[in-house]
Amino acid sequence: MSQDLRLHYAPDNASLVIRLALLEMGVPFDAVLVDRKARAQDSTAYRALNPNGLIPVLETPQGPLFETAAILLWLVETFDQLKPADAERGAFLKWLFFASNTLHADLRILFYAEKYIDASQAETLRAGIRPRLRQHLGLLDAIAQQSPSWFSADKPSVMTFYVACMMRWMALYPARSDRSWYNISDTPHLQRILQALETRPAVRAAVEAEGLGATPFTSPIYANPPEGSAQ
């Protein structure tokens, strides 16, 4: 089955979470660039895979999958990796969906405020969402302090990679907006997780593929090659 996986990606998009999970699992896949500069995500061919025109899509023998958390859940169930023991499944699932439905959803408002409100009010909306994001991070830092098997520095899960990528994006985006509200040292237990992840071979491979720099989570730089380049 693993030989039939195709990840439609763009550098430093949500597809990065899926790439990291696949690399950590050691599951072979083909990476297919979605050229955002050319608006390839709006093409008829791509919309046939994901009618929402969003990245990522993972093509599988069961058909194309979209929505980051759905893909992650499919991966852990299919390959039986990067997940906790059954006794911890409930806690893992509720925080995975918190990451997807709450944290990631609020990040989209921060990044694309103009899609939610008149452009003249975009910065006001961003200012309003930042305290929520800080609150979300505080909750996750408290969970990280408890060091459950599915969210610790010792052994990553798909949840670990998901949160790490979102914290990376908080430090970088939007490029022309205030980002002083975010300081990784405010969440020391999350910071420890991110530092540990940066030493893993899967992360180093993703760094090489998408040009993410030596410290992609704790002191990130913009992807090089940028969008529109394939790796």
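**Figure 1. Aromatic rings that pair up.** Rings of Phe, Tyr and Trp (its six-membered ring) pair if their centres lie within 6.5 Å. This predicted model holds 8 aromatic pairs. One of them joins W95 and F98. The ring centres of W95 and F98 are 5.0 Å apart, and their planes stand at 75°. Planes over 60 degrees apart count as edge-to-face, so W95 and F98 form an edge-to-face pair. Both residues belong to helix α4, which covers residues 89-111. How far apart are W95 and F98 in helix α4? They are 3 residues apart, so about one helical turn separates them.

**Figure 2. The four-stranded sheet.** In which order do the strands of the open sheet lie? The order is β2-β1-β3-β4, and the pairing is mixed. The edge strands are β2 (30-33) and β4 (63-66). Each edge strand pairs on one side only. Neighbouring strands of the sheet are turned by 25° against each other on average, direction ignored. Helix α1 (residues 15-25) packs on this sheet. Helix α1 touches β1, β2 and β3. The direction of α1 makes about 150° with that of β1.

**Figure 3. Strand β3 and its two partners.** Strand β3 covers residues 57-60, and strand β1 covers residues 6-9. β1 and β3 pair in the antiparallel sense over 3 bridges. Which residue in β3 stands opposite R6? The residue is E59. E59 also stands opposite P64 in β4. How many bridges join β3 to β4? There are 4 bridges, and β3 and β4 run antiparallel. A hairpin joins β3 to β4 through 2 residues. In a regular strand the side chains alternate between the two faces of the sheet.

**Figure 4. Loops with backbone features to look for.** Start with the peptide bond between I55 and P56. That bond is cis, and its omega is about 15°. P56 is found in the loop between α2 (44-49) and β3. A cis peptide bond also joins Y173 and P174, with omega about -10°. P174 has its place in the loop between α6 (158-172) and α7. Now turn to D12. Is the phi of D12 positive or negative? Phi of D12 is near 60°, a positive value in a residue other than glycine. D12 lies in the loop between β1 and α1.

**Figure 5. Helices α3 and α4.** Two packed helices are described by the angle between their axes and the distance between the axes. Helix α3 covers residues 68-79. The axes of α3 and α4 come within 10 Å and cross at roughly 155°. Angles over 145 degrees count as roughly antiparallel, so α3 and α4 are roughly antiparallel to each other. Which residues in α3 meet α4? They are T68, A69, L72, L73 and E77. In α4 the partners are R89, L93, L96, F97, S100 and H104. By class, the residues of the contact of α3 with α4 divide into 6 nonpolar, 3 polar and 2 charged.

**Figure 6. Helices α5 and α7.** Helix α5 spans residues 122-146, and helix α7 spans residues 188-197. The axes of α5 and α7 come within 7 Å and cross at roughly 70°. Are α5 and α7 roughly parallel or roughly perpendicular to each other? Angles of 65 to 115 degrees count as roughly perpendicular, so α5 and α7 are roughly perpendicular. α5 passes α7 in a left-handed crossing. From α5, the contact includes L137, L140, D141, A144 and Q145. From α7, P188, H189, L190 and I193 meet them. By class, the contact of α5 with α7 has 6 nonpolar, 2 polar and 1 charged residues.

**Figure 7. Helices α6 and α7.** α6 and α7 pack at an angle of about 100°, with their axes 10 Å apart. α6 and α7 are therefore roughly perpendicular to each other. T160, F161, V163, A164 and M167 come from α6. They meet L190, I193, L194 and L197 in α7. How many residues of the contact of α6 with α7 are nonpolar? There are 8 nonpolar residues, 1 polar and no charged. L190 and I193 in α7 meet α6, and L190 and I193 also meet α5.

Notes
Residues numbered from 1 in each chain as written. Predicted model: local features only at pLDDT ≥ 70, side-chain atom pairs only at ≥ 80, totals over all residues. Heavy atoms only, no water. Axes fitted to C-alpha atoms, helices over the stretch in contact; angles between N-to-C directions. Parallel < 35°, antiparallel > 145°, perpendicular 65-115°, else oblique. Left-handed = near helix turned anticlockwise from the far one by under 90°. Contact = heavy atoms within 4.5 Å. Nonpolar A, V, L, I, M, F, W, Y, C, P; charged D, E, K, R; others polar. Pairing = 2+ DSSP bridges. Phe/Tyr/Trp six-rings, centres within 6.5 Å; stacked < 30°, edge-to-face > 60°.
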